[in-house]
Amino acid sequence: MSETAPDGALLAELESEDARLASAPPLAVLSWVFRRFGAGAVLACSFEDVALLHMARSIRPSLEVVFLDTGGHFPETLEFLERLERDWSLRVVRTTPPPEAEAWPCGTARCCELRKVEPLSRALHGRSAWITALKRVDAPTRDGAPVVSWDRRFSLVKVNPLATWTDDDVAYYLSSHGLPEHPLWAKGYGSIGCAAMTLPPRPGESRRSGRWVGLAKDECGLHES
Ligand code: SF4
């Protein structure tokens, strides 16, 4: 991944839009990103992000949706993806890990890098902006996340329309629109990644506390810019 610096005018614009959209509803943020970047904006979706996917699709039905297929997802995640892809006529772009990922199984040092970070970097190549479902409440590592910023790691604009939302905001959106949720939520899971490294959170702990249990790891590297 080579880092490309944005020009000063773009950085100033992003700073100004981040301030303007700091308290804006996600739909307003999405309207701006699609107006500003058109088809150059893609959504990275784990298929837990149904509320954001629903909003984005309501504005731009032809939106490209990037799914990072690590090869280790729960069958429920893949079935849910296929169901929404079919029912909502989604344009899903699935990434796959490179062959060398075979040498780095679940939880080893380069696994996330090869199965998530590098495939996402390739999927974002040539794009102008990526949209994520990141929320500040997800984890302490995310509590300062801007709504609009320059992503140095992937060298494009990063937009977090749900940055200011809570889990209750997401739940309310899903229920008030009659939307399906990831099937593992009903089984007690709170944040769903690869099957080998995801457990339901223990009572009273955060939704992401079931991720990478026993490892000194809080993030997969996608949101470290
Ligand atoms: S979450 Fe675990 S299994 Fe999935 S890509 Fe990262 S290290 Fe590999």
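**Ground rules**

I number residues from 1 along each chain as its sequence is written, and my side-chain values use heavy atoms, with hydrogens and water left out. Since the model is predicted, local features need pLDDT of at least 70 and side-chain atom pairs count only at pLDDT 80 or more, while totals for chains, interfaces and linings use all residues.

**Entry 1: strand S2**

I began with S2, which covers residues 64-68. Helices (H or I, at least four residues) and strands (E, at least two) are DSSP runs, numbered from the N terminus. I looked up burial here, where buried means under 20% relative accessible area, exposed means over 50%, and partly exposed is in between (1.4 Å probe, protein chains only). In S2, 5 of the 5 residues are buried, so the strand is largely enclosed by the rest of the structure. Glu64, Val66 and Leu68 point one way, Val65 and Phe67 point the other way, and all are buried.

**Entry 2: the neighbours of S2**

Next I checked which strands pair with S2; two strands pair if DSSP finds at least two bridges between them. S1 (residues 41-44) runs parallel to S2, and 2 bridges join them. Ala44 has Val66 of S2 as its bridge partner. To get from S1 to S2, the chain passes through helix H3 (residues 50-59), and this β-α-β crossover is right-handed. Right-handed has a set meaning: with the strands pointing away from the viewer, the path from the first strand over the helix to the second runs clockwise.

I then turned to S3 (residues 91-95), which is parallel to S2 and joined to it by 5 bridges. Phe67 stands opposite Arg94 of S3. S2, helix H4 (residues 75-87) and S3 also make a right-handed β-α-β unit.

**Entry 3: Val148**

Is Val148 buried or exposed? I found that Val148 is buried, with a relative accessible area of 3%. This residue belongs to strand S5 (residues 148-151). For contacts I used heavy atoms within 4.5 Å. Leaving out residues up to four places away in sequence, Val148 touches Leu14, Glu17, Asp18, Leu21, Trp32, Val157 and Lys158. I also looked at Ala129: it sits 19 residues from Val148 along the chain, and their C-alpha atoms are separated by 9.8 Å.

**Entry 4: salt bridges**

Side chains of opposite charge can pair when their charged atoms come close. My cut-off for a salt bridge is a side-chain nitrogen of Lys or Arg within 4 Å of a carboxyl oxygen of Asp or Glu. How many did a search of the whole structure find? It found 12 salt bridges.

One of them joins Arg36 and Glu13 at 2.5 Å, N to O. Arg36 lies in helix H2 (residues 26-37) and Glu13 in helix H1 (residues 8-20), so the pair ties together parts that are 23 residues apart in sequence. Arg36 is partly exposed at 36%, and Glu13 is partly exposed at 23%.

Glu64 is buried at 15%, whereas Arg127 is partly exposed at 26%.

I noted one more pair, Glu118 and Arg110, whose closest N and O atoms are 3.8 Å apart. Finally, salt bridges that share partners join Lys135, Asp138, Arg142 and Asp167 into one network.
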